[in-house]
Amino acid sequence: MANEHDEVDRIVEAWNRQRPDLDFSPLEVLSRVDRLSRHLDHSRRDAFRRSELEPWEWDVLSALRRAGEPFQLTPKQLLQQTLVSSGTMTNRIDRLVGRRLVRREADPADGRSVLVVLTGDGKTRVDAAITRLVDAEAVLLAGLTRTDRERLATLLRKLSLGFDL
């Protein structure tokens with residue numbers, strides 16, 4: 001494997017010839033991350049499509065599913081988990097209600113508030129999607145050993161912690 005070269009190697013080698021005064025090691029890492037991100041995005045969209053979900057629907061439904069029984073959150077909690085505006089979230093909830101993947105219920109703890117609740121169909125779809133997603137992502141990582149995966153996860157976590165403030 002040490003003798004194998006990918007497209008990023010070819011790009012960096014060309015830049016090194018043209019600009020030997022620069023350190024291209026950031027490109028060696030982040031260009032690969034970018035390219036892998038595109039493969040991951042395609043794989044995820046395919047997994048969601050096969051479950052008849054859009055990526056934004058997955059975001060909301062998976063947040064509700066991860067909440068555990070009784071699979072409900074307030075719109076504010078959904079906002080915090082999906083990082084969208086309140087107007088966008090209201091629109092998303094409306095559309096998911098229209099598809100019967102979630103329903104709104106009065107919050108028994110606060111009569112002025114509502115809860116967004118995952119329906120049976122919503123749970124079935126999100127469970128199918130997570131199964132497809134995990135299977136698809138395992139294929140993307142098939143070339144790595146479990147130790148390699150753990151090492152890579154540790155390094156990526158270390159890098160991402162600098163952005164998750």
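Is Arg100 buried or exposed in this predicted model? Arg100 is exposed, with a relative accessible area of 67%; exposed means over 50%, buried under 20% and partly exposed in between, for a 1.4 Å probe and protein chains only. The model is predicted, so local features are given only at pLDDT of at least 70 and side-chain atom pairs only at pLDDT 80 or more, while totals for chains, interfaces and linings use all residues. Residues are numbered from 1 along each chain as its sequence is written, and side-chain values use heavy atoms, with hydrogens and water left out.

**View 1. Helices α2 and α6 pack against each other.** Helices (H or I, at least four residues) and strands (E, at least two) are DSSP runs, numbered from the N terminus. Two packed helices are described by the angle between their axes and the distance between the axes. For α2 (residues 25-50) and α6 (residues 120-140), the angle is about 150° and the axes are 8 Å apart. Axes are lines fitted to C-alpha atoms, for helices over the stretch in contact, and angles run from 0 to 180 degrees between N-to-C directions. The two helices α2 and α6 are therefore roughly antiparallel; this term applies to angles over 145 degrees, whereas under 35 counts as roughly parallel, 65 to 115 as roughly perpendicular and the rest as oblique.

**View 2. Residues form the contact of α2 with α6.** Helix α2 contributes His39, Leu40, Ser43, Arg44, Ala47, Phe48 and Arg50, and helix α6 contributes Ala129, Arg132, Leu133, Ala136, Glu137 and Leu140. Contact means heavy atoms within 4.5 Å. Seven of the residues in this contact are nonpolar, two are polar and four are charged. Ala, Val, Leu, Ile, Met, Phe, Trp, Tyr, Cys and Pro count as nonpolar, Asp, Glu, Lys and Arg as charged, and the others, Gly among them, as polar.

**View 3. Phe48 is a buried residue of helix α2.** Its relative accessibility is 4%. Leaving aside neighbours within four places in sequence, Phe48 is in contact with Leu53, Pro55, Trp58, Ala129 and Leu133. Phe48 and Trp58 are ten residues apart in sequence and 7.2 Å apart in space, C-alpha to C-alpha.

**View 4. Ser51 and Glu52 are in the loop between α2 and α3.** Ser51 is buried, with a relative accessible area of 6%, whereas Glu52 is exposed, at 53%. Not counting residues up to four places away in sequence, Ser51 touches Arg125, Ala128, Ala129 and Arg132. Glu52 is not a glycine, yet it has a positive phi of about 55°.

**View 5. The largest nonpolar core holds 22 residues.** A nonpolar core is a set of buried Ala, Val, Leu, Ile, Met, Phe, Trp, Tyr and Cys residues joined through side-chain atoms within 4.5 Å. Leu61, Leu64, Leu78 and Leu96 touch the most other members. At least two residues of this core come from each of α2, α3 (55-66), α5 (86-98), β3 (110-118) and α6, and α3 supplies the largest share, six residues. Not counting residues up to four places away in sequence, Leu78 touches Val60, Ala63, Leu64, Leu73, Met89, Ile93 and Val116.

**View 6. Pro70 and Arg100 are found in loops.** Pro70 is in the loop between α3 and β1 (72-73), and a cis peptide bond, with omega about 5°, joins Glu69 to Pro70. Arg100 is in the loop between α5 and β2 (102-107). Arg100 has a positive phi of about 60° although it is not a glycine.
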